[in-house]
Every structure is written in structure tokens, then in C-alpha cells.
Amino acid sequence: MNDTLPQADRLDADAPDPGKLLLVVEDDAAFARALARSFERRGYEVRTSQSVDGVEAALDGASPGYAVVDLKLAGGSGLECVKMLHARDAAMKIVVLTGFASIATAVEAIKLGACHYLAKPANTDDIEAAFARADGDSSIAVAARPTSLKTLEWETIHETLVDTDFNISETARRLGLHRRTLARKLEKKPLP
């Protein structure tokens with residue numbers, strides 16, 4: 001009995017699983033390359049885009065099963081990208097990565113179609129685990145942990161920044177702060 005596969009079957013066995021097509025939308029080119037290489041070693045076919053505008057070209061008619069989207073992209077919002085990808089394919093598992101996590105953006109990302117939201121630094125293991133936990137876990141214990149005033153202040157500032165599309169002057173006006181006061185607060189905890 002011959003245990004060798006025909007040539008065509010061997011080539012197909014080496015090809016990436018079509019169900020493991022991943023889109024990475026990240027404006028940090030070095031991080032995007034590292035993430036892409038790591039996922040490729042795990043058998044994913046990876047396509048990348050540095051902006052929301054470049055997503056269509058990166059997909060080129062393909063329909064990925066997975067996407068990793070940075071929340072803050074140069075010239076746009078990752079939330080716009082999540083909305084667009086979810087509208088394109090509601091079954092796509094989308095994980096949002098961010099260097100400045102907030103409750104407001106986490107809620108919006110999930111409402112727009114993301115299956116998970118991870119704070120940076122996150123690695124390939126974290127992201128793959130997030131894809132696997134897309135349905136949620138109702139057994140998570142609800143802990144009575146009071147939120148500090150500083151955390152509440154930062155979340156309010158960040159939520160207002162998102163609402164104003166990161167316009168500092170308008171954010172300061174809505175919060176009733178002087179623009180320089182807001183700028184000083186942002187210097188202490190800068191946006192990535």
C-alpha cells in the first residue's frame with residue numbers, strides 16, 4: 001500500500017486553511033508585521049491594512065473569518081472599521097486592540113460587531129483566545145470594586161474625545177475645562 005499522497009493533495013495540505021484568513025488593520029507597521037508573521041506561523045493567511053480606507057484593497061474580494069483592528073488609526077477610527085467589516089460579514093470574528101482602553105470604546109466596539117476588546121500589549125495567544133471566547137462567559141464573577149475618581153475622570157475624558165473625534169478644543173468645551181487644562185491632563189496620560 002502506498003502511503004504517499006498524490007502531488008495535488010500534498011500541495012493542498014500545505015496551503016493555508018481558507019477558514020483561517022485574517023485581516024490585520026494596524027497603522028504601526030512594525031507591530032502589524034510582527035503580528036502577521038506570528039499568525040502565519042500558526043497557519044493563518046494574513047492580509048494587512050494601515051487604514052480604514054485600505055481595507056477593501058487588502059481584502060481584494062476575499063472574506064476573512066477573522067480580523068484584528070487597532071482602535072486608534074491614523075486618519076480614522078478603528079470603530080468605523082469594525083462597523084464596515086461587520087456589515088460586510090456578520091460572522092467575522094473581530095478583535096479590537098487598543099493602547100488606551102475605556103469602557104465607552106469597549107461598549108461601542110461590541111455594539112458595532114467586535115467579538116472581543118483587548119488592551120495592549122496583547123500577543124497572538126491573547127488574540128487567538130479572544131477569537132475562541134467570542135460568545136462570552138456568563139460565569140464571570142461580578143466583583144464589587146470601586147472605581148477611583150482618576151479612572152472615572154479619564155473614562156469621561158476619553159469618552160468625550162471619542163464623541164468629538166479627538167478634537168481637543170471641542171472636548172474641553174464639552175467638559176467645561178480650559179483647553180490648556182485638558183492638554184495638561186492628556187500629557188500626564190497621553191494617547192498612544
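The legends below describe close-up views of a predicted model.

Local features are reported only at pLDDT of at least 70 and side-chain atom pairs only at pLDDT 80 or more, whereas totals for chains, interfaces and linings use all residues. Residues are numbered from 1 along each chain as its sequence is written, and side-chain values use heavy atoms, with hydrogens and water left out.

**View 1. The chain as a whole.**
The chain has nine helices and seven strands; these are DSSP runs numbered from the N terminus, with helices being H or I of at least four residues and strands E of at least two. Of the 192 residues in the chain, 34% are buried. Here buried denotes under 20% relative accessible area, exposed over 50%, and partly exposed in between, with a 1.4 Å probe and protein chains only. Among contacts between residues at least 6 apart in sequence, 61% join residues at least 24 apart, a contact being heavy atoms within 4.5 Å.

**View 2. The crossing of helices α2 and α6.**
Two packed helices are described by the angle between their axes and the distance between the axes. Helix α2 (residues 29-41) and helix α6 (residues 124-132) have axes that come within 10 Å and cross at roughly 65 degrees. Axes are lines fitted to C-alpha atoms, for helices over the stretch in contact, and angles run from 0 to 180 degrees between N-to-C directions. Helix α2 contributes L35, S38 and F39 to the contact, and α6 contributes T124, I127, E128 and F131. These residues divide into four nonpolar, two polar and one charged; Ala, Val, Leu, Ile, Met, Phe, Trp, Tyr, Cys and Pro count as nonpolar, Asp, Glu, Lys and Arg as charged, and the others, Gly among them, as polar.

**View 3**
The structure holds three aromatic pairs. Rings of Phe, Tyr and Trp (its six-membered ring) pair if their centres lie within 6.5 Å, and planes under 30 degrees apart count as stacked, over 60 as edge-to-face and the rest as tilted. One of the pairs is formed by F39 and Y44, edge-to-face at 5.0 Å centre to centre with 85 degrees between the planes. Both F39 and Y44 are buried. Y44 and Y66 have ring centres 5.7 Å apart and planes at 75 degrees, so this pair is edge-to-face. Because Y44 lies in the loop between α2 and β2 (45-49) and Y66 in strand β3 (residues 66-70), the pair ties together parts that are 22 residues apart in sequence. Y66, like Y44, is buried. Ring pairs link F39, Y44, Y66 and F131 into a cluster. The charged end of K20 sits over the ring of Y44, 4.5 Å from its centre; the criterion is NZ of Lys or CZ of Arg within 6 Å of the ring centre and within 35 degrees of the ring normal.

**View 4. The loop between α7 and α8.**
D165 is located in the loop between α7 (149-163) and α8 (168-175), and F166 is found in that loop as well. Phi of D165 is near 55 degrees, a positive value in a residue other than glycine, while F166 has a positive phi of about 65 degrees although it is not a glycine. D165 is exposed, with a relative accessible area of 58%, whereas F166 is partly exposed at 27%. K72 lies over the face of F166, at 5.7 Å from the ring centre.

**View 5. The surroundings of A58.**
A58 belongs to helix α3 (residues 55-59) and is buried, with a relative accessible area of 15%. Leaving aside residues up to four places away in sequence, A58 touches L23, R47, T48 and S49. The C-alpha atoms of A58 and T48 are separated by 6.1 Å, although these residues are 10 apart along the chain.

**View 6. The two ends of strand β7.**
C115 lies in the loop between α5 (103-112) and β7 (116-119) and is buried, with a relative accessible area of 16%. C115 and M92 are 23 residues apart along the chain, and their C-alpha atoms are separated by 8.7 Å. P121 is placed in the loop between β7 and α6, where a cis peptide bond joins K120 and P121 with omega about 0 degrees.
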